[in-house]
Amino acid sequence: MLTQLLRLALLTLSLLISTLAQAQTTDIPARIAAMGEANLRELTQIVTDLAATGDPAVVPVLTALGDGNLYLDETSGRVVIQTGSAITDPLTGEAVDLGADADLSRIRVNNGLRRDISAALGGMTLMSDNPRTRLSAAQGFLANPDPAALPLLDEAIAAETDANVLGVMQTARAITVLSSEDASIEEKQAAVPQIVAGAGRGAITVLTSALASAPDEVKPTIQSAIAGLEQSRAVWAALQNVWFGVSLGSVLLLAAIGLAITFGVMGVINMAHGEMVMLGAYTTFLVQLVIRQNFPGLLDYSLLIALPVAFLVTGAIGVGIERGIIRWLYGRPLETLLATWGLSLILQQTVRSIFGPTNQMVIAPTWMSGSTDFFGLAITYNRFWIVIFALIVFFMLLLILNRTPLGLQMRAVTQNRRMASAMGIRTPFVDAMTFGLGSGIAGLAGVALTQIDNISPNLGQNYIIDSFMVVVFGGVGNLWGTFVGALTLGVANKFLEPYAGAVLGKILILVLIILFIQRRPRGLFALKGRAIEQ
């Protein structure tokens, strides 16, 4: 054991001495100057010599050569870096003035030399003091494995202290071993589990490309790993569809929850409910327009400011509709359907005349932009916050219905309107407030939809049919039924779309709901009450 340690120490010392000697014997400025007149073979040797020095000063030179930014001034014979209009010295990075007689010609490289440059840079940066630099170098070996770099990777792995960088290095080494013709069967078989664990979503691609050239003894191991990864990918794809379905269901919940209240309490088939969603979206657009023009520092809070404004605007319009049109048509569902359908056309045309037929844009705040990976699930921040917002609205509405006098009166009117009126409840007032509350929640849905859909006069029409399906499927007037119905239809849609397409998928959902309603006419969760039973 002591003998082995001494041999290892002597070997390390000899490598260090040779590296220092190479750095001392290599005249870096002279080698850079020689690049101007060198052919491809000579350039390859110069790149090797410069990389062997280990001097960080040569990194910009090699990078510029690989990127095609290294030039020779034919007039002065000087090698410089040109980036755009800036001309700098390759070693010092200082600006260079070549004068009016300068005649720059690019030092050309081919793909083979670019690979050599990439390997040389990777070797130099793998031993950098900066963990980010080492990580970037290791990722470079992931993308372009080079069997000749295995000793360098082994040395870097032995010296690495950062767990994240170490994992990438080990995966890069495993990919390199699997592609190497000199590696043993045992080494290749041991590399497969490391690739599965560390290569992430690209593991199947790496293993599939290595399968054709792998030795027969290694192929069963690779095939077994690919089968396991494909099974895991299928599971994660199903979970991804569930998430997409939940996000779609949250949108349907926002659009349908107000309709569930008005339909359940008042028995009104409100075809203009979608236009309340549309008006909420346009209110958001106007609020953000005012903020952009007058208070640009508040742009990131424009959606939060638009929420109460949209609720009040659409709620007031809803009260006006109920007082002006709906209250004269109670007990006549066909007339309410025709009247609200006509009203929806009027509202669409009014908005089209004011804002035009083109789509309007609402800028997403920074905290709703981008996405993240959560255990392999791709989650966009805008959808995530819409799901959270839908849950907040739902539970706040439950709180209003179960813990406020207005909620108690609404539930009483839902269960037995005549008895509630006989007990002194002002049913016209409850009807107006109910319609206003439902319309206000539709306005909140419009605020959320500005982040995932186009703002146009036809926005509400895209959700009105789905909203009615959610309400009927979940149970008229039952909020928990609306909640379960929205999530169920959202998830079902996302699972059917890959196989049947978006349009046929919705048709299948509609057929399934029709069949379900034939067995349970009052939906999943039917409300109980004498008036309802009648």
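**Labels and their grounds**

Analyst: The model is a predicted one.

User: Which residues form the nonpolar patch, and what is their accessible area together?

Analyst: The patch consists of Val 290, Phe 295, Leu 298, Tyr 301, Leu 304, Ile 305, Val 309, Val 313, Trp 367, Tyr 381, Phe 384 and Trp 385, with about 1,000 Å² of accessible area together. Helix α13 gives the most, 4 residues.

User: Why is Val 290 called partly exposed?

Analyst: Val 290, in helix α12 (residues 273–294), has a relative accessible area of 43%. Buried requires under 20% and exposed over 50%; Val 290 is therefore partly exposed. Membership of a patch requires over 30%, and Val 290 belongs to the nonpolar patch.

User: Why does Phe 141 count as buried?

Analyst: Phe 141 lies in helix α6 (residues 131–143). Its relative accessibility is 4%, and the cut-off for buried is under 20%, so Phe 141 counts as buried.

User: How do you know that the span of helix α9 is close to the expected one?

Analyst: Helix α9 (residues 185–198) has 14 residues and reaches 20 Å from its first C-alpha to its last.

User: Which residues of α9 are buried?

Analyst: They are Lys 188, Ala 191, Val 192 and Ile 195. Residues three or four places apart in an α-helix point the same way, because there are 3.6 residues a turn. Just after α9, Gly 200 adopts a positive phi of about 65 degrees.

Note on methods. Residues are numbered from 1 along each chain as its sequence is written. This is a predicted model: local features need pLDDT of at least 70, side-chain atom pairs count only at pLDDT 80 or more; totals for chains, interfaces and linings use all residues. Side-chain values use heavy atoms; hydrogens and water are left out. Helices (H or I, at least four residues) and strands (E, at least two) are DSSP runs, numbered from the N terminus. Buried means under 20% relative accessible area, exposed over 50%, partly exposed in between (1.4 Å probe, protein chains only). Patches are made of residues with over 30% relative accessible area and no salt bridge: like charges are joined within 9 Å, nonpolar side chains (Val, Leu, Ile, Met, Phe, Trp, Tyr) within 5 Å. Accessible areas come from the Shrake-Rupley method with a 1.4 Å probe; for residues, only the protein chains shown count as cover. A salt bridge is a side-chain nitrogen of Lys or Arg within 4 Å of a carboxyl oxygen of Asp or Glu. The expected span of a helix is 1.5 Å times one less than its number of residues.
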